[in-house]
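Hello,

Here is the structure we talked about handing over. Please open it first, then read my notes below.

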Amino acid sequence: MKKEEIVVMLNEDLEGEHGAIIQYLTHAYAMGEGEMACEIEAISREEMRHLDWLAEAVVGLGGMPSLQRGKMRMEGKTVSDWMKNGVLLEEDAISLYKKHIEMIDDHTIKRLLKRILSDEESHHGDFAHFVDKAVKEGAKDLRGDHKGKETDILNWGIEHEYTVVLQYLLHSYIAKNEEMKKEMQDQAVNEMQHMGWLAEEMVGGKGTPRLEHMGVDKSVKMSDMLKADIKIEKEVAAEYDRAAREVADAGLKKLLTRIRDHEVYHADVFSDLLKEVEK
Ligand SMILES: [Fe+2]
Ligand SMILES: [Fe+2]
Ligand SMILES: [Fe+2]
């Protein structure tokens with residue numbers, strides 16, 4: 001089997017992981033802060049690790065990781081409907097991984113997919129369990145239709161954070177420099193936290209988080225990647241700063257200021273890296 005053919009399959013798997021992450025996060029955020037929401041977020045973090053491994057494997061085969069988002073199952077109105085969707089999405093993943101394990105002849109890739117498959121089988125069981133638990137515990141959709149300046153700011157922030165998570169992950173996969181890889185991964189994790197904070201703040205105020213992203217920088221030269229990353233960090237730090245001054249709610253002001261400080265830090269870290277790379 002040609003490398004290019006394996007890359008196509010791995011990217012299909014990767015897109016599935018991306019869809020799963022966003023489906024599960026959407027539902028976890030909508031449920032607030034209970035134990036079940038935490039467990040679902042933990043599953044979503046495992047999907048992120050899968051995405052990571054698959055992307056590294058794609059790059060290892062000379063390919064480019066796909067940033068397309070695969071299928072999501074978002075229909076249904078109750079938490080137990082959503083959990084059933086989780087069961088179904090895991091079934092989709094399980095059958096796709098089985099098919100690819102069957103087809104791919106590369107020993108290392110096969111082993112990786114088997115490792116991921118065993119996680120998906122475990123997730124499948126978790127979601128099946130959550131279907132009943134949701135009914136028993138009376139888990140509810142805590143989102144609301146509140147709209148206003150605050151919800152606009154929060155959704156702007158979520159859109160930005162989702163975009164940079166993808167951008168920094170992509171840059172970490174492409175970068176050859178180990179330090180840059182590590183920094184990019186670290187900052188991506190931090191941006192993911194920001195996304196969660198903003199989404200939870202939104203649900204607390206009875207709004208609905210919108211998990212969509214903007215265009216991602218696809219430079220391949222390290223200095224170009226870093227320049228794009230510094231630019232976006234500086235822009236959003238200024239934007240968070242402006243938003244923090246604009247909002248009246250003290251808790252939201254504090255949150256936006258805290259995120260702004262992180263973004264200023266990211267811009268500094270990337271600027272230092274750029275200096276090193278350009279040396
Ligand atoms: Fe997965
Ligand atoms: Fe899964
Ligand atoms: Fe951020």
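The centres of domain 1 and domain 2, taken over C-alpha atoms, are 24 Å apart. Domain 1 covers 3–137 and domain 2 covers 149–278; these bounds come from an automatic or database domain assignment. This is a predicted model, in which local features need pLDDT of at least 70, side-chain atom pairs count only at pLDDT 80 or more, and totals for chains, interfaces and linings use all residues. Residues are numbered from 1 along each chain as its sequence is written, while chains are lettered from A and ligands numbered from 1 in the order in which they are written.

**Where the domains meet**

Contact joins 11 residues of domain 1 to 10 residues of domain 2 (contact: C-beta atoms, placed from the backbone, within 7 Å). On the domain 1 side, helix H1 (3–30) and helix H2 (35–60) each supply at least two residues. H1 has the largest share, five residues. By type, that side has eight nonpolar, two polar and one charged. Here Ala, Val, Leu, Ile, Met, Phe, Trp, Tyr, Cys and Pro count as nonpolar, Asp, Glu, Lys and Arg as charged, and the others, Gly among them, as polar. Helices are DSSP runs (H or I, at least four residues), numbered from the N terminus.

**The core**

The largest nonpolar core has 73 residues, and Leu 10 and Val 165 have the most contacts inside it. Such a core is a set of buried Ala, Val, Leu, Ile, Met, Phe, Trp, Tyr and Cys residues joined through C-beta atoms within 7 Å. Buried means that 20 or more other C-beta atoms, placed from the backbone, lie within 10 Å of the residue's own; 12 or fewer is exposed, and in between is partly exposed. H1 gives the most to this core, 13 residues. Leu 10 touches Leu 54, Ala 57 and Val 58, leaving aside residues up to four places away in sequence.

**Individual helices**

Helix H5 (residues 149–174) has 21 of its 26 residues buried, so the rest of the structure largely encloses H5. At 1.5 Å a residue, H5 should span 38 Å, and its end C-alpha atoms are 38 Å apart, which agrees. The expected span is 1.5 Å times one less than the number of residues. Buried residues in H8 include Leu 252, Glu 263 and His 266. Their cover includes H5, helix H6 (178–204) and helix H7 (222–246). After H2 comes Gly 62, with a positive phi near 85°.

Best wishes

Key: Two residues are in contact if their C-beta atoms, placed from the backbone, lie within 7 Å.
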